[in-house]
Each structure stands twice: as C-alpha cells, then as structure tokens.
Amino acid sequence: MSHVRLVNVTKRFGSVTAVDSLNMEIEKGECFSMLGPSGCGKTTTLRMVAGFEDLTDGEIHVGGRLISSPKKNYYLPPEKRDFGMVFQAFAVWPHLSVYENVAFPLRIRNLPAAEIEKRMKDALASTNLTGAANDSPADLSGGGKQRVALARALAINPDVMLLDEPLSSLDPHLREEMRFEIKDLQRKYGFSIIYVTHDQSEAMALSDRILVMKLGVVQQIDTPLEVYNNPANRFVFSFIGLSNFLELVRVGGRVVLAENRLTEDGLRRGTGIDLPPELVPGEAVRGAEAFSLASRPSEIDFLGAGESGLRGVVTRRAFLGEIVDYRVDVGGQEMRVQKGRRAPGPEAGEACVLRLNRPFWFAESAE
Ligand SMILES: Nc1ncnc2c1ncn2[C@@H]1O[C@H](COP(=O)(O)OP(=O)(O)OP(=O)(O)O)[C@@H](O)[C@H]1O
Ligand SMILES: [Mg+2]
C-alpha cells in the first residue's frame, strides 16, 4: 500500500490553477522528487501535503488515513501530521543556539525531558553537529545551517520528510555532498521523502522516482532512467538533460526541414530540404503535419562526407575540458553536438554530416 497518496488534488488561487487534478502515490521509504520549472506548482503541492495550504478539491491520505479533504470537510493541522520539513531558505533562528533550534519542535510537543535529550543526541550526531550544539547558527556555513534544519526535521522522528529545494542556496560542491548525506539519513531512519527541486541532476541523483510537472499538470511519473530514456513528450525530453529539436513539416508525401521562423499566421513552412530516409518518422507522428525530431547532443556522430545523414555546417566549436561542444547549422536550424575531447571532429566553418544515434519524434513543434 502506498504511504502518501494524493487523489485528484487541485489548488486554485483565484483564476490561477496552481495544481490541476494531481494524482501521485509515494511508497514507504521511497525518495520521490517533483521536478518542473518555476511556478509549475511544486511548492504549492508540498504545502498542501504539509497542511499549510487548503485544497480546492481532492484528497490526501497518509498511511491509509485521510488527512485532507475539502469535500468531507476534514483537515488535520500541520502539527498533528508529524512531517519533517526543510525549506529553501535557511529557516534557522539566529538568536537560539543550534541545540535550541533543533529542540524547539520537541518542546512545543511537550515531550518529556529525557526523551528530548535522547532524540537531540541522535539528531545532532546524525548531522555531524554534536560539537556545534552551543554555537549560534549564524556562525555556521551554509551547509552547517542546512544541517541544523535537517536535524530539526529529524528530531521529530518523521515518517515523511518534505524537502523544498533544501540545497539550492549551497555551492555546487556542498550540494553534491549534502545529497549523499540526505540519502544516508534516509537509509538510517527509513522515512519517505518528497523532494522538490528544479535541478534535474539533483532529482536524478537522489530519487527512486521523479514526477515532472508543467503548469500544475503532471507530465510523467517514472524512474530517473525511464524519464531520461523514454520521455513522455517533448516537454519532458527538453527538461531532462541537454536536448536538440529539429522542426519538421510534411509536404505532400515528403518530410522536410521546416523554416526556422514561423509565418505571420503562426504556421511553419518547409525548406525543401528532405530528411534522410532513416530519420523519416514512423507510426507515432504519421498523422501530424508539423512535428519535431529530437536528440541528445551526446548521441550524435560526425560521418564521412559521402554518407547519408543530416547535412550541416559547423558554426562554433568550443572546448569545454572533457568534451568539445559543436553548434551546427542544419538548414537554418541549430543543433548541438558533444564529443569527447579525443574524438576527431570538424572545425568551425566546415561542412559535416550528422548521424542521430537515438532519435525521438514528437508530434509537437516549438511553441
Ligand atoms: N498564495 C498564493 N496566492 C496566489 N497565487 C499563488 C500563491 N502561491 C502560489 N501561487 C501561484 O501558483 C503557481 C504555482 O506556484 P508554486 O510556488 O507552487 O510554484 P513552484 O513550482 O514551487 O515554483 P518555484 O520553482 O519558483 O519555487 C504560480 O503561478 C504562483 O504564482
Ligand atoms: Mg517553489
């Protein structure tokens, strides 16, 4: 049975639908990430799970128990939900010591002193803060403050940990470090995590499953590997990893590259450049008139001049250390190619032929 279950959860703020009929189920002990661009409804969802925000419609259940339902007029207040929470901004009180910051939620729950002492010892040790118990959090680094917030969330022995961009104010090195620490804590304590981020590599690294959201609507829920390898649509493809899209149109029986710009009435015209036969799409987009061919920059090879492939001209070649990044003009559209620094490749200004090793076709073109 799922541990946290959202059924048709909807939240409207006036005329804005922040979350639209969201269904998701999180297993016990799972790390589940919500990923999507700014404003897509991630924080609003987390706040509804936490109990800080009413639902407009739908239900939330935890451990088989209803915790929110506007229809049944039922709402369990946040302090009774016992969820651990860490938010983006370092929400620590600078005038209290590290110890008192962590102990605060235990004190408001009126736990016995011995129990508070025991939980505090454990939470501080787990987050490497034992030696800093009497310090002011104001004197700690960003990572240190974030550890205080984590310790405070851990001390309440949560079944569910709600993390809203908890690492976004840290530098990249510390972020990677803290990801591992969060996973270690999860292994030790066994809580379920709902993790909100708009950083796709963070979501990939941490999660058992990822939900990708756009404008309040779920696009896909799957393992990181599936979301990467089998994206549900063009939006998911573009949001996870680097991506290239070539806009195409069907003209009579031919599939040709589209002109780079839309016409004044919002249509795409063909360029007259045929797509090589191996890239003409199959059944999935057969009915569509305008669609796109997608690929990852790392899944493209340079072929010899006489071979069949996409013909283009290298407009820019940039050395990025381990990889070389090429921009290639293909019939007026730009494609990005990335090769290892040891692989031979054309120079800027040279003509080239591209093979897409793993093409995707989407029956949608650029908006
Ligand atoms: N209290 C509020 N009143 C009115 N509109 C709100 C309120 N809270 C959120 N919204 C709107 O709901 C939508 C979703 O916002 P939300 O904060 O959930 O996005 P988000 O995915 O967390 O974005 P970000 O990545 O920027 O944190 C946005 O359009 C936002 O403007
Ligand atoms: Mg947010």
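Predicted model: local features only at pLDDT ≥ 70, side-chain atom pairs only at ≥ 80, totals over all residues.

Trainee: Which helices supply residues to the side of domain 1 that touches domain 2?

Mentor: Helix H8, residues 224-229, and helix H9, residues 234-239, each supply at least two residues of that side, and H9 gives the most to it, with 3 residues.

Trainee: And by class, what does that side of domain 1 have?

Mentor: The side of domain 1 that touches domain 2 has 3 nonpolar, 4 polar and 1 charged residues.

Trainee: How many salt bridges are there between the two domains?

Mentor: The count between domain 1 and domain 2 is 1 salt bridge. Arginine 234 forms a salt bridge with glutamate 247, and their closest N and O atoms are 3.1 Å apart.

Trainee: How much area do they bury between them?

Mentor: Domain 1 and domain 2 bury about 860 Å² between them, with 57% of it on carbon and sulfur atoms. Of the area that domain 1 buries against domain 2, Tyr228, Arg234 and Phe237 supply 75%, which is more than any other three residues. In terms of contacts, 8 residues of domain 1 meet 10 residues of domain 2.

Trainee: Changing topic, which residues of helix H3 are buried?

Mentor: Helix H3 spans residues 98-108, and Val98, Tyr99, Asn101, Val102, Ala103, Pro105 and Leu106 are buried there. What covers these buried residues of H3 includes helix H4 (113-126) and helix H5 (142-155).

Trainee: What follows H3?

Mentor: H3 is followed by asparagine 110, whose phi is positive, near 55 degrees.

Trainee: One more: is serine 192 buried or exposed?

Mentor: Serine 192, which is found in strand E9 (residues 192-197), has a relative accessible area of 1%, so this residue counts as buried.

Trainee: What does its side chain make a polar contact with?

Mentor: The side chain of serine 192 makes a polar contact with the side chain of histidine 3, at 2.7 Å. Leaving aside residues up to four places away in sequence, serine 192 also touches others, including Ile26, Glu27, Asp159 and Gln186.

Definitions and conventions: Residues numbered from 1 in each chain as written. Chains lettered and ligands numbered in written order. Heavy atoms only, no water. Contact = heavy atoms within 4.5 Å. Buried area = accessible area lost by both parts, 1.4 Å probe. Salt bridge = Lys/Arg side-chain N within 4 Å of Asp/Glu carboxyl O. Helix = DSSP H or I, 4+ residues; strand = E, 2+ residues; numbered from the N terminus. Nonpolar A, V, L, I, M, F, W, Y, C, P; charged D, E, K, R; others polar. Buried < 20%, exposed > 50% of the residue type's maximum accessible area, 1.4 Å probe, protein only. Polar contact = N/O pair within 3.5 Å; in protein donor to acceptor, adjacent residues only side chain to side chain.
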